[in-house]
Amino acid sequence: MLVRRASRRGRGNWQVPGGFIEPDETIEQAVVREVEEEAGVIASVEGIVALRNRYAPEVGNSLYIVMLLHPLSGEPRPDGREVDRAEYLSWDDIQALDQVPAVNLEIAQRVLSPNRHLLMPRSVAHVSGVPFNLFIG
């Protein structure tokens, strides 16, 4: 699933849904929330597809973690604020789009590949006893 950005930054770009992690949530909770907010799809995390690390002098360093999700319910529908389109697309559909950043083309190609490799979550207990997910290959 890709969404088309409607907001000022990235306007018109087709990309994977995403956003920032709130202080009181895990990355898994954040990505599930962002997909539901932006595209109306309730999903669960399957694993990590990719990591993108970028440094640019004007914005600093940023780390983007791309997760593969499994849809549980709902059909893609844009929120009308951050995104104006949300769709499940084939590789041919994606290649026909006008504005798809290179990183999103690479992610789509990996996700749609029959032999993709994911880092999978494994529940591990912290020394405090609190469980957390460790993503391993």
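Helix α1 has a well-covered side: E28, A30, V31, R33, E34, V35, E38 and A39 are buried in α1, where buried means under 20% relative accessible area, exposed over 50% and partly exposed in between, with a 1.4 Å probe and protein chains only. The cover over these buried residues includes β1 (2-5), β3 (42-56), β4 (60-73), β5 (83-87) and β7 (131-136). Helices (H or I, at least four residues) and strands (E, at least two) are DSSP runs, numbered from the N terminus. All of this comes from a predicted model, in which local features need pLDDT of at least 70 and side-chain atom pairs count only at pLDDT 80 or more, while totals for chains, interfaces and linings use all residues. Residues are numbered from 1 along each chain as its sequence is written, and side-chain values use heavy atoms, with hydrogens and water left out.

As for its length, α1 takes in residues 27-39, 13 residues in total, and reaches 18 Å from its first C-alpha to its last. That is close to the 18 Å expected at 1.5 Å a residue, the expected span being 1.5 Å times one less than the number of residues. Just after α1 comes G40, with a positive phi of about 70°.

Within α1 sits E34, which counts as buried because its relative accessible area is 7%. The side chain of E34 makes a polar contact with the side chain of R33 at 3.2 Å. A polar contact here is a pair of N or O atoms within 3.5 Å; within protein, one must be able to donate a hydrogen and the other to accept it, and residues adjacent in sequence count only if both atoms are side-chain atoms. Setting aside neighbours within four places in sequence, E34 is in contact with G18, G19, F20 and A39, contact meaning heavy atoms within 4.5 Å.

Beyond neighbours within four places in sequence, R33 is in contact with F20, E22 and E25. E25 itself is found in the loop between β2 (14-15) and α1, and it counts as buried because its relative accessibility is 16%.

Next comes the largest pocket, which holds about 1600 Å³ of space. On a 1 Å grid over the protein atoms alone, a pocket is an open set of points with protein on both sides within 12 Å along at least five of seven lines, and lining residues have an atom within 4 Å of a point. The lining of the largest pocket has 49 residues, with Q15, V16, P17, G18 and Y64 nearest its centre. The elements giving two or more residues to this lining are β1, α1, β3, β4 and α3 (102-111), and β4 gives the most, with ten residues.

Helix α3 also holds V103, which counts as partly exposed because its relative accessibility is 38%. The C-alpha atoms of V103 and N53 are separated by 11 Å, although the two are 50 residues apart along the chain.

Finally, an unreviewed UniProt entry lists residues 1-113 as "domain: Nudix hydrolase". The end C-alpha atoms of that span lie 14 Å apart, and the span is 26% helix and 35% strand.

Notes
UniProt positions renumbered as here; feature names shortened; annotations may be inferred. 1 Å grid on protein atoms, 1.4 Å probe; cavity = no way out; pocket = protein on both sides within 12 Å on 5 of 7 lines; lining within 4 Å. Points joined across faces, edges and corners; volume = space filled by probe spheres on them.
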